Structure formats: C-alpha cells, structure tokens
Amino acid sequence: MGVNGKYSIGILLTFVLLAAAMLYSFPVITLITGIRGITADSFFTSRIIIWIVLIIIFLYNMIIEKGPFLLKKETSYSTLFYGKAVLSLYFICIIGGAVLNAIILFFVPEKISDKLLNLVPVFKHNYFLIMVTCLTAAVVEEFLMRGYIQPRVEKIYNNPTLGIIISAVLFGILHSTYGTIGQVLGPFFIGIVFALFYKRYSNIKILIICHFMIDFISLMALNFIDIKHLSVF
C-alpha cells in the first residue's frame, strides 16, 4: 500500500473512532458500570476514551505509516507572538461565532441544545472536570484535526484548500451530537480559522492553547450565567 493509501485509512480511522467515541461512549459506560445519564464520573470516563483514540492514531502512525505524526514541521516563535496569536485567534473565534449564531437564530430559531443543558449541572463548580475536559478537547482535537488530518488531506490531493475545508467539515460534523445547527456551524467556523492559521504558521501549540482558552472560559461561565437565558451562545 502506498503512502497516500495509508494516509487515507488513517484519516478514515481517526474520524470513525472520534465519531464512535462521541456517539457511543455514554451507552457503553452505562452498559459496563450501570451509571445512567451524564454524570461527572461518566463524563470523565468518556474523556479517557477520547484520549485512547489519540493513542490509537499515534500507534497507527508509528506502526503503519512509519513517519512523523505531524507532517508539518513545528515553527518556533517568540513569547510575544504566542500571546498576540492566541488573543487574536480567541477574539476572531468568539466574535465570529457570536455573529454566526445570531444569523442562524435569525433564520432558524432553535432552542439551546438539550445535551448542553444536561451538562450544566455536571460542570457546575467541578473545576477538575472542567480542566480535564478543556485539556482533552484542546490536545486531542488539535493533534487529530489540524495536526494529523489537515496535512494528510493536503498531501493526498496536493491541495491546501481541501486540507483546510475537509478538516473543518469533519470538525463541525463531530460536534453534531449536540443536536443544533449552531453547534455544527460554530465549530466549522473555528475549524476554518484554526486550519488557516496552521497552514500559515505551522504551530500546533498555539492552537492547543487557544482551543483550551475558548473552552475553559465558556465552561467557567456556566458557573455564573444561567444558560437558559442566553440568546446567542
């Protein structure tokens, strides 16, 4: 099998495993432990499953592809650049996401995700779970979506634009388990912004930091804001 064939299988394997983890983690946890619904313990266990997906793809890369996991060599930048890049990405994603959600709500009035509402009491004042959740999303999703999938799609088709679009589309689809249009298009928008940055600056660490910050601030806000009264986010 050629390199492109191995990359194609790796991309498919990554998406299938992540989708399975998103869709079936809680039913499997319930089957094994008897824990019903989403609790702090079951949610923590589901994050472990997502880390296992990352480990499996690392092993696939090491054993089958036998090459570097990150096809794009990491570029080093100054501390000042890190700070400016993280803040710029954060505000682009937050402001752009807010505008996008406002447009969606204007054309398609939709209620807040039931899954998101169920998660509110789980994260309430559970700072350890918030940290674990944000770290898991930031590290696993950036390594797999931007670090692994994006450059491999680019290599297969010799087309950087396809790498950006496909990685963003898959990123959006993986968030469809929340059951709303906004929870798909919002991540898709962030996926485009992050993919463009990764293509230009080749630094996954900045994306991990920014992703963590977006999720951390959002989850911490759940401790102080009644989500039922939010109209945009």
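1. A helix here is a DSSP run of H or I at least four residues long, and helices are numbered from the N terminus. The model under review is predicted. In that numbering, Met-131 belongs to helix α5. Met-131 is partly exposed, since its relative accessible area is 40% and that class lies between the 20% and 50% limits. Leaving aside residues up to four places away in sequence, Met-131 touches Phe-212 and Phe-216.

2. Helix α1 covers residues 3-33 and is not straight, with a bend of about 55° at Tyr-24. A proline, Pro-27, follows within four residues of the bend. After α1 comes Gly-34, which has a positive phi near 85°.

3. Which residues of α1 are buried? They are Tyr-7, Gly-10, Ile-11, Thr-14, Leu-18, Ala-19, Ala-21, Met-22, Ser-25, Phe-26, Ile-29 and Thr-30. Their cover includes α2 (40-65), α4 (114-123), α5 (127-157) and α6 (160-174). When reading such a list, recall that an α-helix has 3.6 residues a turn, so residues three or four places apart point the same way.

4. The largest nonpolar core has 40 residues, and Leu-89, Leu-144 and Phe-194 have the most contacts inside it. Two or more residues come from each of α1, α2, α3, α5, α6, α7 (182-201) and α8 (204-221). The biggest contribution is from α5, with 9 residues. Another core, of 11 residues, lies apart from this one; among its members are Phe-26, Leu-119, Leu-129 and Leu-219.

5. What does Leu-144 touch, not counting residues up to four places away in sequence? Its contacts are Thr-14, Leu-18, Val-53, Leu-54, Ile-57, Phe-69 and Ile-149. Thr-14 and Leu-18 are also among the buried residues of α1.

6. The surface has a nonpolar patch of about 990 Å², made by Leu-87, Phe-91, Ile-95, Val-99, Ile-103, Phe-106, Phe-107, Val-108, Ile-181 and Leu-185. Helix α3 (residues 79-107) gives the most to the patch, with 7 residues. Val-99 is in helix α3. Val-99 counts as partly exposed because its relative accessibility is 45%.

7. The whole structure contains 4 salt bridges. In one of them, Lys-205 pairs with Glu-74, with the closest N and O atoms 3.0 Å apart. Lys-205 is in helix α8 and Glu-74 is in the loop between α2 and α3, so this pair ties together parts 131 residues apart in sequence. Both ends are partly exposed: Lys-205 has a relative accessible area of 39%, and Glu-74 is at 23%.

8. Another salt bridge joins Glu-154 and Lys-199 at 2.8 Å, N to O. This pair also links distant parts of the chain, with Glu-154 in helix α5 and Lys-199 in helix α7, 45 residues apart. Glu-154 is buried at 17%, whereas Lys-199 is partly exposed at 31%.

Conventions
Residues numbered from 1 in each chain as written. Predicted model: local features only at pLDDT ≥ 70, side-chain atom pairs only at ≥ 80, totals over all residues. Heavy atoms only, no water. Bend = angle between axes of the 7 residues up to and from the residue. Buried < 20%, exposed > 50% of the residue type's maximum accessible area, 1.4 Å probe, protein only. Contact = heavy atoms within 4.5 Å. Patch = residues over 30% accessible without salt bridge, like charges linked within 9 Å, V, L, I, M, F, W, Y side chains within 5 Å. Areas by Shrake-Rupley, 256 points an atom, 1.4 Å probe, with all protein chains shown as cover. Salt bridge = Lys/Arg side-chain N within 4 Å of Asp/Glu carboxyl O. Core = buried A, V, L, I, M, F, W, Y, C linked by side-chain atoms within 4.5 Å.
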